Amino acid sequence: MRTTNPEEINFKEKFSLEGKVIIISGGMGLIGRAFTEACAQYGASVVVADIEKMKPEEHSDKLNHRFPGKILGVTVDAGKRKDVEALKQKTIEKFGRIDGLVNCHQNKTAKFFAKFEEYEDNDWDAVVETNLKGTYLTCQIIGSYMAEQGSGSIVNMPSTYSVVAPNQNLYKGTSLGCPAAYSASKGGVMALSQYLSTYWADKGVRVNQITPHGVWNNHEEKFEENFSKFSPMKRMSYNHEVAGALVFLLSEASSYVTGDNIRVDGGWTAW
Ligand SMILES: NC(=O)c1ccc[n+]([C@@H]2O[C@H](COP(=O)([O-])OP(=O)(O)OC[C@H]3O[C@@H](n4cnc5c(N)ncnc54)[C@H](O)[C@@H]3O)[C@@H](O)[C@H]2O)c1
């Protein structure tokens with residue numbers, strides 16, 4: 001709106017997602033479930049897209065009791081072109097449009113935490129295929145649709161370890177780690193997001209990123225203890241704490257924000 005008078009603006013309404021249709025790939029995950037709930041509470045219709053074993057259709061049936069007719073579950077492998085094409089089609093058939101795409105899928109293979117020296121090609125390929133190619137495919141297929149429509153918001157999820165190396169002391173005494181395949185694939189997600197932010201800027205499609213960090217999921221006690229030592233806020237985060245940034249990026253409140261990366265990391269990368 002072309003005005004310098006803030007009194008003409010309804011600021012609360014700017015955060016509304018009423019009438020918007022949002023696809024969340026990896027919507028059954030720890031953060032994806034919080035994203036779905038937040039978007040639905042803010043009035044959006046939400047497509048929960050995830051792999052077969054996560055049963056996104058069953059989850060959306062349950063959510064439809066609280067948000068009648070507004071949640072659609074779709075089984076998808078984000079790394080497969082046909083699946084992503086079908087996801088787009090099913091969304092348009094059900095809701096008639098697409099306003100937002102959120103890529104929060106990630107692939108943790110059976111040997112995900114193997115040492116770098118022993119990493120197997122199959123695992124490397126599977127991680128890269130889901131994390132990076134899956135983001136490329138959804139952006140290409142669904143983002144292009146939004147670019148043609150002339151509006152849309154894409155939110156991708158890289159990692160702290162797209163830009164800084166993990167401090168290996170964080171994992172001492174635990175069974176956890178951060179594999180190079182994860183860092184490398186997420187570095188690609190970051191570069192792709194930056195690229196698309198200017199590529200589609202004049203088509204009305206904004207492309208941003210959210211970088212969460214240390215989201216608590218019943219972690220081993222030792223890991224939580226180590227994490228608290230290195231974190232400026234001295235604690236891990238919760239999935240619901242990541243969702244505020246998403247509502248902002250999907251809503252009109254962020255209408256002039258593109259090419260950005262909101263770090264929800266408790267200051268981890270600030271020192
Ligand atoms: N949790 C954190 O602390 C943290 C930190 C930094 C970045 N991230 C990123 O945020 C995103 C969400 O994290 P999370 O903790 O909710 O992860 P998660 O592992 O709980 O959820 C990931 C979801 O992706 C789904 N998935 C796997 N393969 C898929 C495929 N081929 N197609 C579609 N979906 C697929 C999984 O089934 C799962 O539901 C991830 O991309 C992750 O890398 C998380």
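Q: Why are helix 2 and helix 8 called oblique to each other?
A: In this predicted model, helix 2 (residues 30-41) and helix 8 (residues 239-250) pack at about 50 degrees, with their axes 8 Å apart. Angles under 35 degrees would be roughly parallel, 65 to 115 roughly perpendicular and over 145 roughly antiparallel, the rest being oblique, so this pair is oblique. The axes are lines fitted to C-alpha atoms over the stretch in contact, with angles from 0 to 180 degrees between N-to-C directions, and helices are DSSP runs (H or I) of at least four residues, strands (E) of at least two.

Q: Which hand does the crossing of helix 2 and helix 8 have?
A: That crossing is right-handed, meaning the near helix is turned clockwise from the far one by less than a right angle.

Q: What makes up the contact of helix 2 with helix 8, by class?
A: Leu30, Ile31, Ala34, Phe35, Ala38 and Cys39 in helix 2 meet Asn239, His240, Val242, Ala243, Leu246, Val247 and Leu250 in helix 8 (heavy atoms within 4.5 Å). That gives eleven nonpolar, two polar and no charged residues.

Q: What makes Lys20 and Glu252 a salt bridge?
A: Their closest N and O atoms are 2.7 Å apart, and the cut-off is a Lys or Arg side-chain nitrogen within 4 Å of an Asp or Glu carboxyl oxygen, so the pair qualifies. Lys20 sits in the loop between helix 1 (11-14) and strand 1 (21-25), Glu252 in the loop between helix 8 and strand 7 (261-264), so the bridge ties together parts 232 residues apart in sequence.

Q: How far apart are Lys222 and Glu225 in helix 7?
A: They're three residues apart in helix 7 (residues 221-230), about one helical turn. Lys222, at 33%, is partly exposed, and so is Glu225, at 40%.

Q: How many salt bridges does the structure hold?
A: Ten. Among them is Glu120 with Lys111, at 3.3 Å from N to O, and Asp77, Lys80 and Glu129 are linked in a network.

Q: What do these values rest on?
A: Local features need pLDDT of at least 70 and side-chain atom pairs 80 or more, while totals for chains, interfaces and linings use all residues. Numbering starts from 1 along each chain as its sequence is written, and side-chain values use heavy atoms, leaving out hydrogens and water.

How values were computed: Ala, Val, Leu, Ile, Met, Phe, Trp, Tyr, Cys and Pro count as nonpolar, Asp, Glu, Lys and Arg as charged, and the others, Gly among them, as polar. Buried means under 20% relative accessible area, exposed over 50%, partly exposed in between (1.4 Å probe, protein chains only).
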